[in-house]
Each structure stands twice: as C-alpha cells, then as structure tokens.
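The sequence and the structure come first, and the notes follow by topic.

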Amino acid sequence: KIMSDKPIEEMTFEQAMAELEAVVDQLDRGEVALDESIKLYERGALLKKRCEQKLKEAEEKVAAITLDEDGNPNGTAKMDGL
C-alpha cells in the first residue's frame, strides 16, 4: 500500500524520500501483485523526480549565497529567473 495520498508536487524532500523508500521496500519484497507493482514503480519514478527537483532548488539557493570578506554568509546574490 502506498504510504500517502498527498499529491507528490506538494511533498517536501523528506516526505518524498520517505515514501520513495517505502515504495522501494515494497517492490524489493515482491509481495505485491503485478498491477500494484506497476503502480508502485510509476509512483516511485515520480517521487524520485520530486526529490531531484527539491535537491536542485536547494543547490540553487546555496549557490546564491554570498560571502563577506571573512567568508561569512551575508545575503544572497540576485539570480536570473529567481
């Protein structure tokens, strides 16, 4: 059984990762019917995509951090499209 009814596009990284781990666990055990396995695989692919999206967003935020002369964060740089 899929862990959550929450739409994937609304999940945090942590929520998507937890559900992805549950999906992988179910698929690894092989205790689900073929139709359910296909649904789990499809959901897993969407969860993986969501995790990648959230990681990319975090990387962009980190890349935008500016440092002062002492190497301390002092704000964020203006990035195109953000």
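**Charged pairs and surface**

Glu19 is buried, at a relative accessible area of 3% (buried means under 20% relative accessible area, exposed over 50%, and partly exposed in between, with a 1.4 Å probe and protein chains only). The model is predicted: local features need pLDDT of at least 70, side-chain atom pairs count only at pLDDT 80 or more, and totals for chains, interfaces and linings use all residues. Residues are numbered from 1 along each chain as its sequence is written, and side-chain values use heavy atoms, with hydrogens and water left out.

- Glu19 pairs with Arg43 through a side-chain salt bridge, with an N to O distance of 2.5 Å (a salt bridge is a side-chain nitrogen of Lys or Arg within 4 Å of a carboxyl oxygen of Asp or Glu).
- This pair links distant parts of the chain, 24 residues apart, with Glu19 in helix 1 (residues 13-29) and Arg43 in helix 2 (residues 34-63); helices are DSSP runs of H or I with at least four residues, strands are runs of E with at least two, and both are numbered from the N terminus.
- Arg43 is also buried, with a relative accessible area of 16%.

**Salt bridges within a helix**

- The closest N and O atoms of Asp25 and Arg29 are 2.6 Å apart, in a salt bridge.
- Both residues, Arg29 and Asp25, belong to helix 1 and sit four residues apart, about one turn of the helix.
- Arg29 is partly exposed at 44% relative accessibility, and Asp25 is partly exposed at 39%.
- In helix 2, Lys56 and Glu60 are separated by about one helical turn because they are four residues apart.
- Lys56 and Glu60 form a salt bridge, their closest N and O atoms being 3.5 Å apart.
- Glu60 counts as partly exposed, with 27% relative accessible area.

**Whole-structure count**

- Six salt bridges are found in a search of the whole structure.
- Side chains of opposite charge can pair when their charged atoms come close.

**Nonpolar surface patch**

- A nonpolar surface patch consists of Val62, Ile65 and Leu67, which together have about 290 Å² of accessible area.
- Patches are made of residues with over 30% relative accessible area and no salt bridge, joining like charges within 9 Å and nonpolar side chains (Val, Leu, Ile, Met, Phe, Trp, Tyr) within 5 Å.
- Accessible areas come from the Shrake-Rupley method with a 1.4 Å probe, and for residues only the protein chains shown count as cover.
- Leu67 lies in strand 1 (residues 65-67) and is exposed, with a relative accessible area of 54%.
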